[in-house]
Amino acid sequence: MSNVDAVKGTSAYEVESMSRRDFLTTVVYGAVGAALSFVLFGLLRFPKPALFPDIPKIFKIGRVEDFPVGAEKIFEDKKVIVRRDAGGLFAISLICTHLGCIVSKHAGLFECPCHGSKFDENGKVKIGPAPKALEWLKVSQLPDGKLIVDTMRKVPIGTRYAI
Amino acid sequence: MQSKKGKGEMGLRDYFKNILRLPKTFLESFVRHGKPNSDRARSQTVMSNIFLHIHSTRIHRYTLKKTFTFGLGVIAASSFFILILTGILLMVYYKPSVDLAYDSIKDIQYVVPGGRFIRNVHRWATNVMIVSVILHMVRVFYTAAYKETRSFNWLMGMVLFILTLGLSFTGYLLPWDQLAYWAVTICSNIAASPRELTDALGLTPYFDPGGFMKVLLLGSEEIGQDALTRFFWLHCIVLPFLMIMILSVHVWRVRKDGGLARPDNIKEKDLQGIEEDGNTRNVFENAPQKTYGLMCLVRGKTPAVGRGPENTIPSWPTLFIAEFALFMLTFAIVCTLAYFFDAPLKELANAAVPENPAKAPWYFLGLQELVSYSAFMGGVGIPTIAILGLALIPYLDREKQTLGRWFDNRTGRKVARESLVYSAGVTIALLAFTVKFGWLRNWFPDIPQLVIIFINPGTVLVSFFVFWSFRCLYKFDSTRISAIALFTCFIVSFIILTYFATYHRGPNWDFYWLKSQWPIH
Ligand code: HEM
Ligand code: FES
């Protein structure tokens, strides 16, 4: 190479030239790298499900007449408790905010069996590892008068559906 | 052909002769060397067999010293082997579907001939494997066998440790009973627990690694068929495959790293009762006489430098007999346990009513105790710190020292003993304090969660241990001593927490002195 360069009058030391072999090697490395990273990149999204199974998140709880002032109903399979006091109706989720066990009610407290979190009447943490209060869920009424709870919509603690 | 007999007759005679010699010729085609009764043939036995070849043809006699390794690595490998065999058998009847899984396990337990025994063996071999892997790591650590050439193999060991825990955890869901369902609920929410931190910082809507990990694990936001499919896939294909690959690397590396670690000054007493090689009995002295260098091939010193010639014996048959005996021992232990104690099976999983108490398998209970202080710190933060810390040991402690002796020397023994007392004291005191007085939330109900994440009994324990280890580093001026201090603290504390959560935590994770005091519910 340098001989040729010398003939042409340029020095190999001035021009950073690359041999054909080096160039092709680089191209091959690049191509392999690109191919593999495209595959990897494409597969990155593979394990993340595009659709979740259709678990109903909204459910009916009955009519206003079913909830006289002071009433309390636990919907075990939905993991929700619905109560009515003077201010109106409200729903509290029974899923412990620590690690997802189901709390149950004892002597006015919600107790979690898994690591002993205890919550007061309104779901505020009293003791235990739970990082935050039980979730309050949105209660509303359909045009036909049926009441529904939407487990996807959280509302601030104390929010009631006034009747 | 000068014979009077015809050509055909010759062919026939050869043919019959070949039939008669068939067993011999077959054996010769299979094993090319003769009986292993010369050193050369013994070496060939090992060298020319793809499976035996994972060991070297000769091993140092110190390798076989029982009170050095206690055979723990081999016991772990044996139980893994038993797990593969019984696992393959269980797969004949197990059905990985939410509707059928529980019933198929019940069939295996009560209907399939021998099914109960095989399932019990599978369960017990898991326990034996976990105990032996932990003890094996403990032995490698205290004999300083992770140093120099062996650093990488220590890392491979860490990967095997994580795979072992992963296998046992993914297997736990498969029966789809109450125990399984709630243990996995808790664990998948531990995966989501970085939310505790992101929630406290108000970041969750923008950046939610916890939620992402949970969805990745469960294939959904709730535990259902997708979770079962993924756990089955991990438990029966991915993790065993990785385990076999990395286990092969691990054992192969033991050979490539120069055999098991051993001290420079091996005494006659160390080798008592260990087979020796009659031909070479008088050749060996332990004093360093020569240095060996594989010029050009190996950079730096070779592992044998500064030692006398190695006092080795052929691996065949001594090493293989020892390993086979350990396998049989493991097998006997597992079968005995399986005969007397049934693997647990609770009621069918019920998403509405948690088990009370919902306890993970015993080896995760130490973590569950930490989780009961803070989900993120106990479930993600501290385990990550512990695993990273363990993995870094050989890279941070690079002191030259004698290898292959339990606790190195008198100082090592002393520090290990003191650390044991220190760690036990701190752990028990902190547990007693927490049970008696509660923690921050009990005294300041409105305290921000962020404070609890960073200041809880778990992190306090870790800080006590780190402080102790730095104190030892300063006092003895040795990274090895400091590593011994820290490792001892963590192991002792792990054992105490596991014991505590197993025996003294009852319904609602309340403290009880005895299980008989648990309220009936
Ligand atoms: C599935 C789990 C494991 C299996 C089946 C296994 C198997 C083995 C076996 C058969 C040996 C030969 C020596 C002996 O029996 O003690 C060995 C050596 C070794 N193992 Fe493991 N092991 C496992 C996990 C680990 C773990 C968790 C660590 C540490 C983090 C580790 C680090 C080492 C090291 C550094 C050696 C070389 C020891 C020496 O040279 O003296 N292994 N392993
Ligand atoms: S899940 Fe409720 S306290 Fe842990």
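User: In which order do the strands of the open sheet of 4 strands in chain A lie?

Analyst: Strands of a sheet pair through backbone hydrogen bonds, in either a parallel or an antiparallel sense. In this predicted model, one open sheet of chain A has 4 strands in the order β5-β6-β7-β8, with antiparallel pairing. Strands β5 (104-106) and β8 (125-127) of chain A have a single partner strand each and stand at the edges, so one side of each lacks a neighbour in the sheet.

User: What is the strand order in the open sheet of 6 strands in chain A?

Analyst: That sheet is also open, and its order is β1-β10-β9-β4-β3-β2, with antiparallel pairing. Its edges are taken by β1 (58-62) and β2 (72-75) of chain A; each has a single partner strand, so one side of each is left without a neighbour in the sheet. From one strand to the next, the twist averages 30°. Within this sheet, β4 (residues 88-93) and β9 (residues 136-141) of chain A pair in the antiparallel sense over 2 bridges. There, A91(A) has L137(A) in β9(A) as its bridge partner.

User: Where in chain A does K79(A) lie, and what is its phi?

Analyst: K79(A) lies in the loop between β2 and β3 (80-85) of chain A. Its phi is positive, about 60°, although K79(A) is not a glycine.

User: Turning to helices, how does one read the packing of α5 and α12 in chain B?

Analyst: Two packed helices are described by the angle between their axes and the distance between those axes. For α5 (residues 72-93) and α12 (residues 225-256) of chain B, the angle is about 150° and the axes are 12 Å apart. An angle over 145 degrees counts as roughly antiparallel, which means that α5(B) is roughly antiparallel to α12(B). The crossing of α5(B) past α12(B) is left-handed. On the α5(B) side, the contact is made by F80(B), I84(B) and M91(B), and on the α12(B) side by F232(B), C236(B), P240(B), M243(B), I244(B) and L247(B). By class, these contact residues are 9 nonpolar, no polar and no charged.

User: At what angle do α10 and α15 of chain B cross, and which residues meet there?

Analyst: The axes of α10 (residues 194-201) and α15 (residues 375-396) of chain B cross at roughly 125° and come within 7 Å. That angle makes α10(B) oblique to α15(B). In α10(B), P194(B), E196(B) and L197(B) meet A375(B), F376(B) and V380(B) in α15(B). This contact has 5 nonpolar, no polar and 1 charged residues.

User: Which two residues of chain B are joined by a cis peptide bond?

Analyst: The cis bond joins W316(B) and P317(B), with omega about 0°. P317(B) is found in the loop between β2 (312-314) and α13 (318-340) of chain B.

User: How many residues of chain A are in contact with chain B, and what area do the chains bury between them?

Analyst: The size of an interface is often given as the accessible area lost when the parts come together. Here, chains A and B bury about 2500 Å² between them, with 59% of it on carbon and sulfur atoms. The contact involves 29 residues of chain A and 34 residues of chain B. L99(A), P113(A) and H115(A) supply 23% of the area that chain A buries against chain B, more than any other three residues.

Notes:
Residues are numbered from 1 along each chain as its sequence is written. Chains are lettered from A and ligands numbered from 1 in the order in which they are written. This is a predicted model: local features need pLDDT of at least 70, side-chain atom pairs count only at pLDDT 80 or more; totals for chains, interfaces and linings use all residues. Side-chain values use heavy atoms; hydrogens and water are left out. Axes are lines fitted to C-alpha atoms, for helices over the stretch in contact, and angles run from 0 to 180 degrees between N-to-C directions. Angles under 35 degrees count as roughly parallel, over 145 as roughly antiparallel, 65 to 115 as roughly perpendicular and the rest as oblique. A crossing is left-handed if the near helix is turned anticlockwise from the far one by less than a right angle, and right-handed if clockwise. Contact means heavy atoms within 4.5 Å. Ala, Val, Leu, Ile, Met, Phe, Trp, Tyr, Cys and Pro count as nonpolar, Asp, Glu, Lys and Arg as charged, and the others, Gly among them, as polar. Two strands pair if DSSP finds at least two bridges between them. Buried area is the accessible area (1.4 Å probe) that two parts lose on being put together, summed over both.
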